[in-house]
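Please keep the sequence and the model in view while going through the points.

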Amino acid sequence: MSHRRHDWTVDRQLDQELVKACRRGDEEAWVVLWRRYGPLVKSVSRRIGCDSEEARDVLQRVALVALEKLDSLRDPKKLAPWLAGIARFQSFEIIRERRPAALLQEDTAVSNPRYDDEMVRTEDLARLRQAFAQLEERCQRLLQRLMLKEPPDSYQDVARDENLSATSIGPIRLRCMKRLGKLIEKLSRSGS
Amino acid sequence: MDHLTEAHIIDLIEGEGPSEAEAHLAECSQCRSAQRLWQERIESLREMSRESLDDAELHRLRVLYRQLGPGKDQAPRWIARLVRSSAAAPAAARGVASGEIMEYSAGPYTLMLRVGAQGSRSTVSVIGQIATNDRDRGIGGTFALTPPNGRVRLSDVDQFGEFNLPEVAPGSYRGTWWFGDQIMVVHDVEIGTDDEP
Ligand SMILES: [Zn+2]
């Protein structure tokens, strides 16, 4: 089987609509949900100390629990923090099962040294991902190609593909970032 | 100089800010923490972008949904049925009680469940084994016990087909095993304990 990675930034269907569709039996909505939040689940798991194989297992477990419990999710707008919370729990379970010697405490997780000082908490990560998914699609594509992709695409390439002038890319990117900041604030205020 | 605007800060992160902005940053902790916040956001997004799902992962999730999702009962999956019980009289041929071994058959697989040692707070451990005679089929994956309400319990299934779920509360469960594309479901697994009335 090939291991092509799927773009995680292409859609902006609202979480509550995705949840509704998944409850109805819409398989494509289920796939969109995981393209969007699978990377969140795996990142949470990696931060807690799971290796990449374990993170894949955590993803499967979270998906099963989500499938079992989706009907009991009272506020579908909280899908992202809900999934991140399950991911956190399942990651500690997996570490406890497989590496009992590690004896991890929830608050002293083996974390990537980069995050020792300024560890972005699980909820922040969920909020960030949720906010990103609410950006207009062009912003998602632009930020993905200019800031997230490693190495990033050139302004020229992005301008050509988006039918924009190369000089407008910088200002648009900035607007997208500001918009992202606003969306994060809005989600923080609504307690999501 | 006034505090840096968000635009300045973002430009700085990208290495495009004017030198006065850098000079301000060196002196102002407030702007430095704003910069750190944006750096963390960008790094976190990169991190998630790196964890984008591949075909194999999405395929497994699709299979899970097809097999266990709503309204998909017509999809092929193996429903395990009880074929043997070590209990003298298997009560209505249902599930597991302490000490008994229950053997289920599902497609090319056999599943054995028994209740093991007593855990804390009147819980028990559930020990299982999945086996097959079909050499082309592997063993592994995950086994889950799902109560009608409450916490789903999961265990990895090792390469010998063994799994162990500690601290399972007595009650009625649905068992689910999935491995790659394969799914087995066991309904009405009754977990009991010796000291029940
Ligand atoms: Zn300042």
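1. The structure is a predicted model. The first point concerns the largest pocket, whose lining draws on both chains: α4 (79-98) of chain A, together with β7 (153-156) and β8 (162-168) of chain B, each supply at least two residues.

2. The volume of this largest pocket is about 390 Å³. Its lining consists of 18 residues, and those nearest the centre are R96(A), R151(B), R153(B), P166(B) and E167(B). Sorted by class, the lining of the largest pocket holds nine charged, six nonpolar and three polar residues.

3. How many cavities of 30 Å³ or more does a search of the whole structure find? The search finds two.

4. Two elements, α4 of chain A and β7 of chain B, each give at least two residues to the lining of the second largest cavity. The most comes from α4(A), which gives four residues. By class, this lining has five charged, three nonpolar and one polar residue.

5. The next point is the interface itself. In chain A, 62 residues are in contact with 50 residues of chain B. The area buried between the two chains is about 5400 Å², and carbon and sulfur atoms give 55% of this area. On the side of chain A, the residues that lose the most area to chain B are E27(A), Q60(A) and L64(A); together they account for 12% of what that side buries.

6. Which charged and polar links join the chains? Between chain A and chain B there are 13 salt bridges. In one salt bridge, the side chains of E28(A) and R62(B) meet at 2.8 Å, N to O.

7. The elements giving two or more residues to the side of chain A that touches chain B are α1 (15-24), α2 (27-48), α3 (52-69), α4, α5 (122-134), α6 (137-148) and α8 (166-189) of chain A. The largest share of that side, 13 residues, comes from α2(A). By class, the residues of this side divide into 28 nonpolar, 24 charged and 10 polar.

8. Over all chains, the count of salt bridges comes to 27. One within chain A joins the side chains of D15(A) and R36(A), at 2.5 Å from N to O. This pair links distant parts of the chain, since D15(A) belongs to helix α1 and R36(A) to helix α2 of chain A, 21 residues apart.

9. Finally, two backbone features deserve attention. Most peptide bonds are trans, and most residues other than glycine have a negative phi. The bond joining E150(A) and P151(A) is cis, with omega about -5°; P151(A) lies in the loop between α6 and α7 (155-162) of chain A. N163(A), although not a glycine, has a positive phi of about 55°. The place of N163(A) is in the loop between α7 and α8 of chain A.

Terms used: Residues numbered from 1 in each chain as written. Chains lettered and ligands numbered in written order. Predicted model: local features only at pLDDT ≥ 70, side-chain atom pairs only at ≥ 80, totals over all residues. Heavy atoms only, no water. 1 Å grid on protein atoms, 1.4 Å probe; cavity = no way out; pocket = protein on both sides within 12 Å on 5 of 7 lines; lining within 4 Å. Points joined across faces, edges and corners; volume = space filled by probe spheres on them. Nonpolar A, V, L, I, M, F, W, Y, C, P; charged D, E, K, R; others polar. Contact = heavy atoms within 4.5 Å. Buried area = accessible area lost by both parts, 1.4 Å probe. Salt bridge = Lys/Arg side-chain N within 4 Å of Asp/Glu carboxyl O.
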